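This briefing sets out selected features of one protein model, grouped by topic. Please read it alongside the sequence and the coordinates displayed below.

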Amino acid sequence: HENIGHENIRVETRGRVGLITLNRPKVLNALNKSTMDELVAAATAFDADPGVGAVVITGSAKAFAAGADIKEMASQSYMDMYAADWFRHWEDLTRLRIPLVAAVSGYALGGGCELAMMCDLVIAADSARFGQPEISLGVLPGMGGTQRLTRAVGKALAMDMILTGRQIDAEEALRAGLVSRVVAAERLLDEALEAAGTIAEKSKPVAMLAKEAVSTAFETGVTHGVQIERRLFHSAFATEDQKEGMAAFVEKRKPEFRHR
Ligand code: HXC
């Protein structure tokens with residue numbers, strides 16, 4: 001997973017955690033096509049790597065990402081957007097099975113907020129600011145924001161943010177359920193790496209089943225979701241890790257998961 005071939009991101013591993021850092025500081029990590037291509041490729045490689053059990057995606061202190069790259073989009077026509085199916089490929093991130101942790105400091109705006117929402121856990125620094133300012137550019141969120149923000153925080157706040165462009169800070173994001181933890185900015189990366197490390201200590205296939213089950217709750221109705229959850233739960237009993245995890249509990253010892 002060395003950095004070769006990446007111009008816009010840094011890629012490294014910390015133990016069993018993959019770490020991807022957006023690295024376009026001059027433009028506050030604006031997400032142009034090549035940045036997202038590199039990000040999707042790096043995360044996809046971690047997904048397939050049995051030595052990696054979770055991935056942290058982060059930016060800089062000032063900006064997680066200030067949105068899709070406005071300069072790249074500004075002159076595009078409808079036909080350009082439609083023909084390229086702009087943003088389609090970014091959705092590939094949501095099809096990965098490995099748990100993704102967004103570590104957000106500073107601005108997470110537009111596509112940056114949407115990128116955070118494509119991750120499974122969002123951990124915010126107290127400096128984080130979330131917003132969907134597209135309306136002020138004469139567009140609307142186009143990477144899932146109208147759907148994922150509404151599911152995450154409810155219609156009232158989603159409408160407020162998407163129609164006015166108002167940003168919310170980390171505390172409001174926590175209250176609204178957009179993030180699961182807020183920490184001091186200087187603690188952010190450690191907190192995210194520890195959370196990802198905790199996940200990476202579990203059985204990877206079972207963590208992937210659990211992610212799929214929760215994602216199903218988010219993406220479908222409850223009745224269908226509960227059926228899918230039950231099937232995923234059943235399938236955990238096909239793993240050695242289920243046998244080991246339950247045996248370890250009964251025997252009062254730490255589990256030694258084989259598929260980490
Ligand atoms: C391209 C960007 C950018 C972006 C910042 N920059 N955001 N370039 N795309 N999304 C560039 C600036 O042009 C500037 O470059 C440099 O980064 C520093 O930004 P400043 O504005 O000088 O910094 P500051 O004054 O601190 O303001 C920070 C900011 C502001 C409030 C975050 O940059 C801002 O409002 N950015 C745009 C936020 C936004 O609208 N995001 C949504 C994008 S649309 P130069 O060369 O001047 O130094 C989107 C669409 C999603 O995401 C899908 C629907 C189509």
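Ala108 has Phe130, in strand 8, as its bridge partner. The model is a predicted one. The points below proceed from this pairing to the other strands, then to the salt bridges and a charged surface patch.

- Strand 6 (residues 107-109) and strand 8 are joined by three bridges and run parallel.
- An open sheet of four strands has the order 4-6-8-9, with mixed pairing.
- Strand 4 (63-65) and strand 9 (168-169) are the edge strands of this sheet, each pairing on one side only.

- Strand 1 (residues 9-14) and strand 2 are antiparallel and share six bridges; Arg10 has Thr21 of strand 2 as its bridge partner.
- The hairpin of strand 1 and strand 2 has two residues between the strands, and Gly15 takes a positive phi near 65 degrees there.
- In strand 2 (residues 17-22), six of the six residues are buried.
- Val17, Leu19 and Thr21 point one way from strand 2, whereas Gly18, Ile20 and Leu22 point the other way; all are buried.
- Five bridges connect strand 2 with strand 3 in the parallel sense, and Ile20 is partnered by Ile57 in strand 3.
- Ala54 belongs to strand 3 and counts as buried because its relative accessibility is 0%.
- Ala54 and Leu209 lie 155 residues apart in sequence, while their C-alpha atoms are 13 Å apart in space.

- Strand 5 (residues 100-104) is mostly covered, with five of its five residues buried.
- Leu100, Ala102 and Val104 point one way from strand 5, and Val101 and Ala103 point the other way; all are buried.
- Strand 3 (residues 54-58) runs parallel to strand 5 and is joined to it by four bridges; Val55 stands opposite Leu100 of strand 5.
- Strand 5 is also joined to strand 7 by four bridges, again in the parallel sense, and Ala103 has Ile123 of strand 7 as its bridge partner.

**Salt bridges**

- The count of salt bridges comes to 15.
- Glu91 and Arg148 form one of them, at 2.8 Å from N to O.
- This pair links distant parts of the chain, 57 residues apart: Glu91 is in the loop between helix 3 (78-84) and strand 5, and Arg148 is in helix 5 (residues 145-153).
- Glu91 is classed as partly exposed because its relative accessibility is 24%, whereas Arg148 is classed as buried because its value is 13%.
- Glu191 and Arg181 form another salt bridge, with the closest N and O atoms 2.9 Å apart.
- Glu191 is in helix 8 (residues 188-200) and Arg181 is in strand 10 (residues 181-183), so this pair ties together parts ten residues apart in sequence.
- Glu191 counts as buried at 15% relative accessibility, and Arg181 counts as partly exposed at 33%.
- The side chains of Arg253 and Glu244 also meet in a salt bridge, at 2.7 Å from N to O.
- Arg253 is partly exposed, with a relative accessible area of 35%, while Glu244 is buried at 18%.

**A negative surface patch**

- Asp126, Asp169, Glu171 and Glu186 form a negative surface patch.
- Asp126 is located in the loop between strand 7 (121-125) and strand 8 (129-131).
- Asp126 counts as partly exposed because its relative accessibility is 48%.

Note on methods
Residues numbered from 1 in each chain as written. Predicted model: local features only at pLDDT ≥ 70, side-chain atom pairs only at ≥ 80, totals over all residues. Heavy atoms only, no water. Patch = residues over 30% accessible without salt bridge, like charges linked within 9 Å, V, L, I, M, F, W, Y side chains within 5 Å. Areas by Shrake-Rupley, 256 points an atom, 1.4 Å probe, with all protein chains shown as cover. Salt bridge = Lys/Arg side-chain N within 4 Å of Asp/Glu carboxyl O. Lys, Arg positive; Asp, Glu negative; His and termini not counted. Charge placed at Lys NZ, Arg CZ, Asp CG, Glu CD. Buried < 20%, exposed > 50% of the residue type's maximum accessible area, 1.4 Å probe, protein only. Pairing = 2+ DSSP bridges.
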